Amino acid sequence: MFIRAATGRERACEIWTMTTNPHLLEVRNLAMHFPFHGKTAGNGRRVVRAVDGVSLWIDEGETLGLVGESGCGKSTLARAIVRLYKPTAGEVIFRGENLVALEGERLRQSRRHIQMIFQDPYSSLNPRMSVSQIIAEPLRNFGEASSKDALDARLRELLRTVGLDESALGRYPHEFSGGQRQRIGIARALALHPALVVADEPASALDVSVQAQIINLLRDLQARFRLSFLFISHDLSVVSLLSRRVAVMYLGEIVETGPTADLFSRPQHPYTEALLSAVPVPDPQAERARSRILLSGDVPSPVNKPPACPFHPRCPYVFDRCRSEKPVLRETAAGGFVACHLLDEPSRQPRPGSSNH
């Protein structure tokens, strides 16, 4: 694998993989900008840089966890990948085809292979449709309902797969709990046998006990159907259970990626280190002994991003280079990637990852 820093205003990073086994999904230098309609100084046109040069990949049967604070662009990235949004720039390569370039029927057909599970089970299901109609909709849209008997058999199979009784088919969303509604949403996502499922905070709106049930269900489904997941969450404990690799997002950019165990045990970016310091540990004695890293200030606006390193106004290790030069993603000895100038400053102490997680 090799990395080349992109030129141009975004100075993002494009990743290519030299292998005979291409990734299931490759996101290359993806950007999603929106017009800004608020008050600005001067007359210049400004944009919300919600996603700003993101590159990542997912392999067959793999879960990539995507983490970051609220408002960092995770959900916008998810919607751009599945083409609910048309990206401003970049590529989304799925099985060798650039989804960003697709329109019309070709784009519609691509959607059968990539499905999405939404965060809020209360708003993601049409309250006027029965469970049968909700799950059958994608099957009918793509001509998978060859006969009523075949359709009914498939609907019953999907309900059993997600742990619901067949009697649910004739009922409506308001008759179910939040966890049951999310199971219905998962059944709908599975209806067309997708290869990739984008799960956007699928358990965050649920009670803790129900969250565990949904996470266990997703793990079982991945093992059973060899699904690939982009799993988005602000809960790093959940991400550690599901993901083989983790990508950390800050202010529309990926600042670190790596194998889950390595990233959790020795984070290389100060932002990752701060996120992990907030994750509680099960040992009360160890929890009392460790210190949490509190970042100064608020997350800057994506309308007015800081120059150079976007994290430098809040970074506890900031130095002059951080304020004048934007870091690019580079491969680390552990096989991850990090965008931080501290990689070139081994003498600077303390180093990210030095605290006990």
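Where is the place of Asn98? Asn98 sits in strand E7. Strands (E, at least two residues) and helices (H or I, at least four) are DSSP runs, numbered from the N terminus. Before going on, note that this is a predicted model: local features need pLDDT of at least 70, side-chain atom pairs count only at pLDDT 80 or more, and totals for chains, interfaces and linings use all residues. Residues are numbered from 1 along each chain as its sequence is written, and side-chain values use heavy atoms, with hydrogens and water left out.

Start with the surroundings of Asn98. Contact means heavy atoms within 4.5 Å. Leaving aside neighbours within four places in sequence, Asn98 touches Glu91, Val92 and Ile93. The side chain of Asn98 also reaches two backbone nitrogens: that of Val92 at 3.2 Å and that of Val100 at 3.1 Å. Glu26 is 72 residues away from Asn98 along the chain, yet their C-alpha atoms are separated by 9.2 Å.

Now step back to the sheet. Strands of a sheet pair through backbone hydrogen bonds, either parallel or antiparallel. Two strands count as paired if DSSP finds at least two bridges between them. E7 belongs to an open sheet of four strands, in the order E4-E3-E6-E7, with antiparallel pairing. Strand E4 (47-58) and strand E7 (97-98) are the edges, each pairing on one side only. Strand E6 (residues 89-94) runs antiparallel to E7, and two bridges join them. Phe94 stands opposite Glu97 in E7. Helix H1 (residues 74-81) packs on this sheet and touches strand E3 (25-35), E4 and E6; the direction of H1 makes about 115 degrees with that of E3. Such angles run from 0 to 180 degrees between N-to-C directions, and axes are lines fitted to C-alpha atoms, for helices over the stretch in contact.

A second open sheet has eight strands. Their order is E8-E9-E10-E5-E11-E12-E14-E13, with mixed pairing. Its edges are strand E8 (114-117) and strand E13 (330-331), each pairing on one side only. E13 and strand E14 (residues 337-338) pair in the antiparallel sense over two bridges. Arg330 has Val338 of E14 as its bridge partner. Helix H6 (residues 208-225) lies across strand E5 (63-67), E8 and strand E10 (228-232), running at about 160 degrees to E10.

Finally, look at the helices around H3. Helix H3 (residues 131-141) and helix H4 (residues 148-161) pack at about 115 degrees, with axes 10 Å apart. That makes H3 roughly perpendicular to H4. The cut-offs are these: under 35 degrees is roughly parallel, over 145 roughly antiparallel, 65 to 115 roughly perpendicular, and the rest oblique. From H3, the contact residues are Val131, Ser132, Ile135, Ala136, Leu139 and Arg140; from H4, they are Leu151, Arg154, Leu155, Leu158 and Leu159.

H3 also packs with helix H5 (residues 178-190), at about 25 degrees and with axes 7 Å apart. H3 and H5 are therefore roughly parallel to each other. Here Val131, Ile134, Ile135 and Pro138 of H3 meet Ile184, Ala187 and Arg188 of H5.

Notes
Polar contact = N/O pair within 3.5 Å; in protein donor to acceptor, adjacent residues only side chain to side chain.
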